[in-house]
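I opened my notebook to look through one chain, part by part. Here is what I looked up.

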Amino acid sequence: MIKVRFVPAAEVELLREVAYYSKASTGTGVRFQAAVQAAVVRAATHPLGGAPSFKETRSVLVKG
């Protein structure tokens, strides 16, 4: 599995969204963060499995 890192702006955005979902409804922030983590693991495990995206990147959908 390859190493995955978030650029600082993406990490800030992720934490902001987790907080938003947590305030919206109990448990949704935790579920959202788990869904993002699962997508990260899928992308790291199968780096060519996502849809081709901008330049030499690929997109992986967050389920749920």
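**Entry 1: a tyrosine**

Is Tyr20 buried or exposed? I looked up its relative accessible area and got 52%. The cut-off for exposed is over 50%, so Tyr20 is exposed. I keep in mind that this is a predicted model.

**Entry 2: aromatic pairs**

How many aromatic pairs are there? I counted two aromatic pairs. One of them joins Tyr20 and Tyr21, with ring centres 5.4 Å apart. Their planes stand at 70°. Over 60 degrees counts as edge-to-face, so that is the label for this pair.

I then checked Tyr21 itself. Its relative accessibility is 32%, so I noted Tyr21 as partly exposed.

Tyr21 also pairs with Phe32. Here the centres are 4.9 Å apart and the planes make an angle of 45°. I wrote this pair down as tilted.

Where do Tyr21 and Phe32 lie? Tyr21 is in helix α1, residues 8-24, and Phe32 is in helix α2, residues 28-45. The two residues are eleven apart in sequence, so the pair ties together separate parts of the chain. Phe32 has a relative accessible area of 22%, which means it is partly exposed.

Put together, ring pairs link Tyr20, Tyr21 and Phe32 into a cluster.

**Entry 3: how the helices meet**

Next I looked at α1 against α2. They pack at an angle of about 145°. Their axes are 6 Å apart.

Which residues make the contact? From α1 I listed Leu14, Glu17, Val18, Tyr21 and Ser22. From α2 I listed Thr28, Gly29, Val30, Phe32, Gln33 and Val36. Tyr21 and Phe32, the tilted pair, are both on this list. I sorted the contact by class and found six nonpolar, four polar and one charged residues.

**Entry 4: helix α2**

I took α2 on its own. It has 18 residues. From its first C-alpha to its last, α2 reaches 25 Å. That is close to the 26 Å expected at 1.5 Å a residue.

Which residues of α2 are buried? I found Thr28, Gly29, Ala35, Val36, Ala39, Val40 and Ala44. These buried residues pack against α1.

**Entry 5: the whole chain**

Last, I stepped back. The chain has two helices and two strands. Along the sequence they follow the pattern α-α-β-β.

The C-alpha trace spans about 35 × 20 × 20 Å along its principal axes. There are 64 residues in the chain, and buried ones make up 16%.

The accessible surface comes to about 5,300 Å². Of that, 61% belongs to carbon and sulfur atoms.

For contacts, I took those between residues at least 6 apart in sequence. Among these, 28% join residues at least 24 apart.

Definitions and conventions:
Residues numbered from 1 in each chain as written. Predicted model: local features only at pLDDT ≥ 70, side-chain atom pairs only at ≥ 80, totals over all residues. Heavy atoms only, no water. Phe/Tyr/Trp six-rings, centres within 6.5 Å; stacked < 30°, edge-to-face > 60°. Buried < 20%, exposed > 50% of the residue type's maximum accessible area, 1.4 Å probe, protein only. Helix = DSSP H or I, 4+ residues; strand = E, 2+ residues; numbered from the N terminus. Axes fitted to C-alpha atoms, helices over the stretch in contact; angles between N-to-C directions. Contact = heavy atoms within 4.5 Å. Nonpolar A, V, L, I, M, F, W, Y, C, P; charged D, E, K, R; others polar. Areas by Shrake-Rupley, 256 points an atom, 1.4 Å probe, with all protein chains shown as cover. Expected span 1.5 Å × (residues − 1).
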